[in-house]
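The sequence and structure come first.

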Amino acid sequence: MAFLMKKKRFKFLVSLTVEELTAVPYVNGILFCKIRLLHGGTFTELSSREEVHHNSVRWDKRSIFMCKMSAGSVTGVLEPSVCRISVRKELKGGKSFLKLGFVDLNLAEFAGCGSTARCCLLEGYDTKHTRQDNSILKVSISMQLLLGDPCFKTPPVTNKLGSVPAGEERLEADCKGDAGKTRESLRRPNSLRLPKCRSLIMGSGLCEDSDNTGTPPDETAGGRRTRSSSSSFGSLHSKVSGGRRRLRRVYRRGSVTPG
């Protein structure tokens, strides 16, 4: 029974490449990385010191080291083996440094996946007192099994960023709330809202001036005659009555003075 509960042992050859750091909140400065294996071995290495250009730093630092892992005998899932990459800024001419942030990579997630590139969001050391920047560290990892049963399972991916375009697409698709409602309202045609706005404007009596200038005097707004239309109708009626009186006078003159 004790033999069945014994964990499986594995040994991997890890090839880790720290490519670049983007969205750096500094215009100038010298940055470097420290790579340290926290579980499954003892490995520590420093990258070269590079200057910041256009808010980005490129190292292309490749490190090769051995990593030991174990997996449960029942599930066969590899246990976490963390490798930390710490980004630091050089101060006082290289005599001291400032820790900007770090990235923890679970190497068990990359086992058996070949060469994999991943973009990780830089996490801060002191998140309570300092505001964390959105710097993104790009790394590529490839692992080769040297010792152990090739039948194993990898744990689920904890870093959901993956790559920058894929993270933006997921954010756009999962976006909910008031912003999503406004986006849906903007997609609707404007003609659906015109009758409602027109009825509100007509009911409030704001269209009287526009009706006086652009429409004939006999037209009505909302089934009711406006003041301007009634006044114009009265003036037209007076003109017609005056014309009839003139015709009667001419007719009488013609009848009194024949030939």
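## Secondary structure

The chain holds nine strands and five helices. This is a predicted model.

## Burial, contacts and surface

The chain has 259 residues, and 27% of them count as buried, where buried means under 20% relative accessible area. The accessible surface of the chain is about 18,100 Å². Carbon and sulfur atoms contribute 55% of that surface.

Among contacts in the chain with a separation of 6 or more, 64% are between residues 24 or more positions apart.

## The open sheet

Which strands form the open sheet, and in what order? Four strands take part, in the order β5-β1-β9-β8, and their pairing is antiparallel. At the edges stand β5 (57–71) and β8 (116–121). Each of these two has a single partner strand, so one side of each lacks a neighbour in the sheet. From one strand to the next, the twist averages 25°.

## The pairing of β8 and β9

How many bridges join β8 to β9? There are six, and the two strands run antiparallel. Strand β9 covers residues 136–147, while the edge strand β8 covers 116–121. Within this part of the sheet, Arg118 stands opposite Val139 in β9.

Notes. Residues are numbered from 1 along each chain as its sequence is written. This is a predicted model: local features need pLDDT of at least 70, side-chain atom pairs count only at pLDDT 80 or more; totals for chains, interfaces and linings use all residues. Side-chain values use heavy atoms; hydrogens and water are left out. Buried means under 20% relative accessible area, exposed over 50%, partly exposed in between (1.4 Å probe, protein chains only). Contact means heavy atoms within 4.5 Å. Accessible areas come from the Shrake-Rupley method with a 1.4 Å probe; for residues, only the protein chains shown count as cover. Two strands pair if DSSP finds at least two bridges between them. Axes are lines fitted to C-alpha atoms, for helices over the stretch in contact, and angles run from 0 to 180 degrees between N-to-C directions.
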